[in-house]
Amino acid sequence: MKNVERTIKSDKIYQGKVINLRIDTVELPDQKYSKREIVEHPGAVAVVPITDDNEIIMVKQYRKSVEEYLLEVPAGKLELGEEPIECAGRELLEETGYRSENIKYLFKIFTSPGFSNEAISIFLARDLIKDNPQPDEDEYIEIEKYSINELNEMINEEKIKDAKTITALLYIRSYLENEK
């Protein structure tokens, strides 16, 4: 590829629990130089849990960064050394109180590639087994169930605004239609 930016220098300016921030000096294809602010993220998963009644289990929680409640598919950050499918099962149980032995990888998305390397692997979970939610001590989650048609309407009405959730639900709608 001829339009690659070559990293000349990389400076880590912040290291946190969830993210790191670095500034890269890059050489552009025209031999000029520029700076890139990069948010480093360990990656995450999102799970679309579908009940035997074809309802999708969603979580509602307050998100400080946007100062509002968001309705989302269950999701969470990968722990160090954790495989995405393991994280999907862990997050499903933690956030919804369901387990599944039928978790299938669907695809991966980059959330904001203009400034972050965060990638989210999207999974489908079926054959759900009810257990007890085990949220992190700083998580306050409400669990709700909806049909795919209700969720699609909520996307159209801008009641669902979370990008990973919209992406996963629109994909699942097509996926379910192709299963018929």
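1. Contact here means heavy atoms within 4.5 Å. Helices (H or I, at least four residues) and strands (E, at least two) are DSSP runs, numbered from the N terminus. Axes are lines fitted to C-alpha atoms, for helices over the stretch in contact, and angles run from 0 to 180 degrees between N-to-C directions.

2. This is a predicted model: local features need pLDDT of at least 70, side-chain atom pairs count only at pLDDT 80 or more, and totals for chains, interfaces and linings use all residues. Residues are numbered from 1 along each chain as its sequence is written, and side-chain values use heavy atoms, with hydrogens and water left out.

3. Helix α1 (residues 84-96) lies across β5 and β10. The helix runs at about 70 degrees to β5. α2 also packs on the sheet, where it touches β5, β6 and β10. Its direction makes about 110 degrees with that of β10.

4. The sheet itself is open, with three strands in the order β6-β5-β10 and antiparallel pairing (two strands pair if DSSP finds at least two bridges between them). β6 (68-72) and β10 (142-146) are the edge strands, each pairing on one side only. From one strand to the next, the twist averages 30 degrees. Strand β5 (residues 56-63) is joined to β6 by five bridges. Lys-60 has Leu-71 in β6 as its bridge partner.

5. Next, the helix pair. The axes of α2 (residues 148-156) and α3 (residues 163-179) come within 10 Å and cross at roughly 135 degrees. On the α2 side, Ile-148, Asn-149, Leu-151, Asn-152 and Ile-155 make the contact. They meet Ile-166, Leu-169, Leu-170, Ile-172 and Arg-173 in α3. These residues divide into seven nonpolar, two polar and one charged (Ala, Val, Leu, Ile, Met, Phe, Trp, Tyr, Cys and Pro count as nonpolar, Asp, Glu, Lys and Arg as charged, the others, Gly among them, as polar).

6. Two hairpins follow one another. β1 (residues 6-15) and β2 (residues 20-27) pair antiparallel over eight bridges, with four residues between them. Lys-12 stands opposite Arg-22 in β2. β2 is joined to antiparallel β3 (residues 33-40) by eight bridges. Ile-23 stands opposite Glu-37 in β3. In the β2-β3 hairpin, with five residues between the strands, Gln-31 takes a positive phi near 70 degrees.
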